[in-house]
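Please keep the structure open while you read.

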Amino acid sequence: MANRDLCFAPAMELGKLYRVRKVSPLEVMQAVLARIDQVNPAVNAYVTVARESALRAARAATRVLRRGATLPPLFGVPVSIKDLEPTRGIRTTWGSKIFEHHVPDEDALVVERLKAAGAIVVGKTNTPEFGAGANTFNAVFGATRNPWNPALTCGGSSGGAAVALAAGMGPIAQGSDLGGSLRIPAAFCGVVGFRTTPGLIPVYPRELAWDFFSVTGPMARSVADVALMLSVMAGPDDRAPLSYAVDTRLFLKAVKNPSVRGWRIAWTPDLNGLIPVDPEVAKVAEGACKLFRSLGARVEAACCDFSEVNDIVLATRGLRMVALHADKLARWKGEMQKGLVWNIEQGLRLTPQEIGRGEKLRTKLWHRVRTFMETHDLMILPTVAVPPFPVEQPYPVEINGKKLENYTQWFLLTYGISVTGLPAISVPCGFTQSGLPVGLQIVGRRRQEVAVLAAAAAFEAAAPWSDRLPPIVGGRG
């Protein structure tokens with residue numbers, strides 16, 4: 001196979017090719033590294049490439065392949081790791097000058113699981129400092145650029161991961177999501193990102209072991225590859241007290257012959273008016289309604305009230321930023337990202353009453369959403385309210401002429417789902433007139449990842465997008 005074909009082959013297909021000896025892990029790794037050398041300088045997705053260790057692992061996997069051994073699910077599949085997750089022997093900076101030269105001596109739990117499943121770590125992908133923000137840039141490595149238009153942002157905070165996928169620099173990627181960090185870059189780059197129920201994928205090490213907002217998760221160019229990743233990432237571990245047991249076989253089963261016939265789906269362009277949405281983005285995403293109806297689903301325009309989300313975010317995000325990063329301000333404030341500093345200082349100003357009110361509002365919202373979802377199998381909406389914007393712009397300050405109050409408000413369509421804890425996947429659903437990807441967010445009931453995967457796979461099968469590649473890699477755009 002040609003190098004280009006290997007670089008854009010799904011992980012599922014690579015596994016089949018390995019088993020029939022049509023290609024080796026070493027050939028695939030060499031192709032991916034060549035693609036990184038060719039494309040990465042223009043987009044800055046990878047910030048650290050573990051070339052020697054990746055080639056060493058690929059050679060070892062190729063030797064195993066020749067012996068005819070039983071192969072694990074991700075055998076020989078290249079994977080990128082977001083630069084927020086510790087990787088033993090590979091620099092991990094959290095996108096911060098504070099940790100610019102840090103090299104961990106242990107792997108994060110999710111990295112352990114990916115390696116145990118046979119995946120080979122290619123390197124680390126870019127992130128805003130400590131993952132705070134939805135535009136991927138930092139003082140250590142600079143900005144990551146959108147492969148569909150390098151003048152624009154790729155989103156964040158798993159921006160490097162999404163760009164690596166879209167540009168053929170690996171078939172699968174690990175990312176993480178607090179307010180939309182898996183879903184936003186997936187939408188902006190035309191790939192798939194899945195935020196699952198908190199606890200489904202255990203996280204360790206973690207300073208806040210009981211954190212129910214931030215999750216780690218799978219990203220890929222296809223829903224089937226996301227399901228494959230999830231099947232090896234999910235499941236309990238005592239180091240992660242929120243984790244719980246699950247039958248991971250159901251994730252793979254969900255994407256085989258998927259159907260949404262008879263399902264009840266609620267469509268909303270804006271979470272009941274929570275924030276303005278660019279008309280072109282809304283129109284492209286609304287096209288999904290017609291497609292789901294053609295698949296036999298019952299789609300209606302419906303949504304409950306989400307008006308408390310901004311207040312919930314200000315109370316919970318500020319408190320979290322204080323707990324994690326306030327101790328850094330005295331020494332490092334001048335070198336830290338401005339949005340992060342603002343959020344820490346905003347959190348320090350919170351009163352106990354405001355924090356308590358935020359938790360009460362979140363509880364009130366949860367019960368309203370829970371009741372709404374009792375009569376709907378899924379909810380669909382645009383992933384992001386705007387198309388990608390100039391990479392030099394930290395964040396949008398207005399949408400449709402309406403000024404925004406803070407740097408998180410523009411991505412409340414994803415953050416509004418995060419605060420409910422419901423599983424949500426972003427899948428490509430079309431393009432703007434200027435050729436930029438638009439993402440559709442598919443939201444399921446609590447712990448119903450199987451239903452979300454099935455719906456995403458059915459949508460993908462009816463409207464395939466994998467044959468359209470970004471111009472930066474010679475695609476048709």
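Just after helix α6, G168 adopts a positive phi of about 80°. Helices here are DSSP runs of H or I with at least four residues, strands are runs of E with at least two, and both are numbered from the N terminus. Helix α6 itself covers residues 159-166, and eight of its eight residues are buried, so the helix is largely enclosed by the rest of the structure. Among these buried residues are G159, G160, V163 and L165. Buried means under 20% relative accessible area, exposed over 50% and partly exposed in between, with a 1.4 Å probe and protein chains only.

A word on the basis: this is a predicted model, in which local features need pLDDT of at least 70 and side-chain atom pairs count only at pLDDT 80 or more, while totals for chains, interfaces and linings use all residues. Residues are numbered from 1 along each chain as its sequence is written, and side-chain values use heavy atoms, with hydrogens and water left out.

Strand β8 (residues 172-177) is likewise enclosed: six of its six residues are buried. Both of its faces are covered, with I172, Q174 and S176 on one side and A173, G175 and D177 on the other. Two strands pair if DSSP finds at least two bridges between them. The pairings described here are collected below.

| Strands | Sense | Bridges | Opposite residues |
|---|---|---|---|
| β2 and β3 | parallel | five | V79 and V121 |
| β8 and β10 | antiparallel | six | D177 and V215 |

These strands belong to an open sheet of eleven strands with mixed pairing, in the order β1-β3-β2-β8-β10-β9-β16-β17-β13-β11-β12. β1 (46-49) and β12 (298-301) stand at the edges with a single partner strand each, so one side of each has no neighbour in the sheet. On average, neighbouring strands are turned by 30° against each other, direction ignored. Helix α3 (residues 25-43) packs on the sheet and touches β1, β2 and β3, its direction making about 15° with that of β3. Helix α14 (residues 352-373) also packs on the sheet, touching β11 (264-267), β13 (378-382) and β17 (437-444), and its direction makes about 110° with that of β13. Axes are lines fitted to C-alpha atoms, for helices over the stretch in contact, and angles run from 0 to 180 degrees between N-to-C directions. Touching, or contact, means heavy atoms within 4.5 Å.

How do helices α8 and α16 pack? Helix α8 (residues 223-233) and helix α16 (residues 449-462) meet at an angle of about 155°, with axes 9 Å apart. That makes α8 roughly antiparallel to α16, a label for angles over 145 degrees. V223, A224, V226, A227 and L230 in α8 meet L453, A456, A457 and E460 in α16.

The largest nonpolar core has 114 residues, and F292, F306, M379, W410, I442 and L453 have the most contacts inside it. Such a core is a set of buried Ala, Val, Leu, Ile, Met, Phe, Trp, Tyr and Cys residues joined through side-chain atoms within 4.5 Å. Apart from it lies another core of 45 residues, including Y18, V28, A45 and L182.

Finally, V277 sits in the loop between β11 and α10 (279-294) and is buried, with a relative accessible area of 11%. V277 and I399 are 122 residues apart in sequence, yet 6.8 Å apart in space, C-alpha to C-alpha.

Methods. Angles under 35 degrees count as roughly parallel, over 145 as roughly antiparallel, 65 to 115 as roughly perpendicular and the rest as oblique.
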